[in-house]
Amino acid sequence: MRLTAAQARRVAVAAQGFHEPRPTGPVTRAHLKRLIARLQVLQLDSVSVAVRAHYAPVFSRLGPYDRDLLDRAAWSHSARSPRLLVEYWAHEAALMAVDDWPLLRWRMREYEHGRWGREIVKKNGKLAESVIDIVAAHGPMTAGQIEAHLEAQPRGRKGPWWDRSDTKWVAEALWSSGVLTTATRVGFARHYDLTERVLPAEVVARRVDEADALRELTLRAATALGVATEADLRDYFRLGARQVKPAIADLLDAGEIERVEVEGWSAPAYLRTGQTVPRRDRGTALLCPFDPLIFFRPRVERLFGGFHYRIEIYVPQPKRRYGYYVWPFLLDGDLVGRVDLKADRAAGALQVLGAFTEDGSDRTHVAIELTAKLREMADWLGLDDVVVAERGDLSAYLRAALVS
């Protein structure tokens, strides 16, 4: 089977939920659950210059919604509303379905001593035991609160037997190994608790063979992406080539995916079996820098006609090309521009610090459609106004559209 570049783009956009009609009423837990089943992950990130990353993909696909809905699904539990999401390294740090947590036990074994700072963790076995004991005794706690309990314990005249910075490393290692998980977040600070007190007993007890888990994760990636190369599939859950190659072979044999050629792609691609090829371009949304549609930058360039996108947070301001926190703009299924956004809550305004179009885009049309999305986003964030600065070729068009 052979797909044109346009067909591959439509498949990818549809697979991410942008072809679906928005809910006509309030966004519900059921809507959120269906979206997570499609996307698999909502990446977490500490930057809040506009809105935190995990909230944005839900808004981009379902429209304005109560962010408390996502908070409750991720960080609270009740008999009437069981926890729907859990944090783990599923892509980067991300929210994923609670029921899928056992699929990453193999990664937890790899991270027995954490993802980073392993030597610090290895030499602090006694500290790890103390951290577990304190959390077990006192319930959900931040790393700082754990450290305060440790300091309150008598350690002799020479003071603590660990370096203060070690506590966070050890707590993170216990989180990465699955011993601890996130019970809740307050002000985005993670509160650690014993995993068996946070997740359902049947989820904690479930064991999945590593090969089966890798095959399932590869299938989930194929479903979320629609059409993808091996490199694309690997990136979605950050898997290795040795893990994905046998999984792809098994999925081909089982008829779950099929091999296809895509116009302009140098590598073979895989289409999720049953995935329809939309006949027209649909999907209009602002995409935060950590949106699943644009996770893998080489794929973005392949899908969207060379759209070159990089996060410039760590680039010195004078060297930034587009801005600090830039949102690509998807219009009718194609990336046509980007805006550098900041929520100025003190002034009650969504600031557009820069606005840019891709070559060949109709700036007037892009500005009209983008204005509607910016106003919608401002309203969702509780901001009264949209203010556009002068930087970028689209800025004047946006200002004109805002006053028309």
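Author: Strand β2 (residues 42–43) pairs with β4 in the antiparallel sense, over two bridges. Strands here are DSSP runs of E with at least two residues, helices are runs of H or I with at least four, and both are numbered from the N terminus. Two strands count as paired if DSSP finds at least two bridges between them. The model is predicted, so local features need pLDDT of at least 70 and side-chain atom pairs count only at pLDDT 80 or more, while totals for chains, interfaces and linings use all residues. Residues are numbered from 1 along each chain as its sequence is written, and side-chain values use heavy atoms, with hydrogens and water left out.

Q43 stands opposite A94 in β4. On to the other partner. Strand β3 (residues 85–90) also runs antiparallel to β4, and six bridges join the two. A90 stands opposite E92 in β4.

Put together, three strands form an open sheet in the order β2-β4-β3, with antiparallel pairing. β2 and β3 are the edge strands, each pairing on one side only.

How covered is β4? Six of the six residues in strand β4 (residues 92–97) are buried, so this strand is mostly covered. Buried means under 20% relative accessible area, exposed means over 50%, and partly exposed lies in between (1.4 Å probe, protein chains only).

Now the turn. The hairpin of β3 and β4 has one residue between the strands. H91 has its place in that loop. What is its phi? H91 has a positive phi of about 85°, although it is not a glycine. Most residues other than glycine have a negative phi. H91 counts as buried because its relative accessible area is 2%.

A second residue of this kind is F188, which has a positive phi of about 70° and is not a glycine. F188 lies in the loop between β5 (180–186) and β6. With a relative accessible area of 18%, F188 is buried too.

Next, the charges. A salt bridge is a side-chain nitrogen of Lys or Arg within 4 Å of a carboxyl oxygen of Asp or Glu. The structure holds 30 of them.

Elsewhere, R10 forms a salt bridge with D281, and the closest N and O atoms are 3.1 Å apart. Again the pair links distant parts of the chain: R10 is in helix α1 (residues 5–15), D281 is in the loop between β9 (269–272) and β10 (285–286), and they are 271 residues apart. R10 counts as buried at 18% relative accessibility. D281 counts as partly exposed at 27%.

K122 forms a salt bridge with E119, with the closest N and O atoms 3.8 Å apart. The two are three residues apart in helix α6 (residues 118–122), so about one helical turn separates them. K122 is partly exposed, with a relative accessible area of 47%. E119 is exposed, at 56%. Back to E87: salt bridges that share partners join E87, K168, E172, R185 and R190 into one network.
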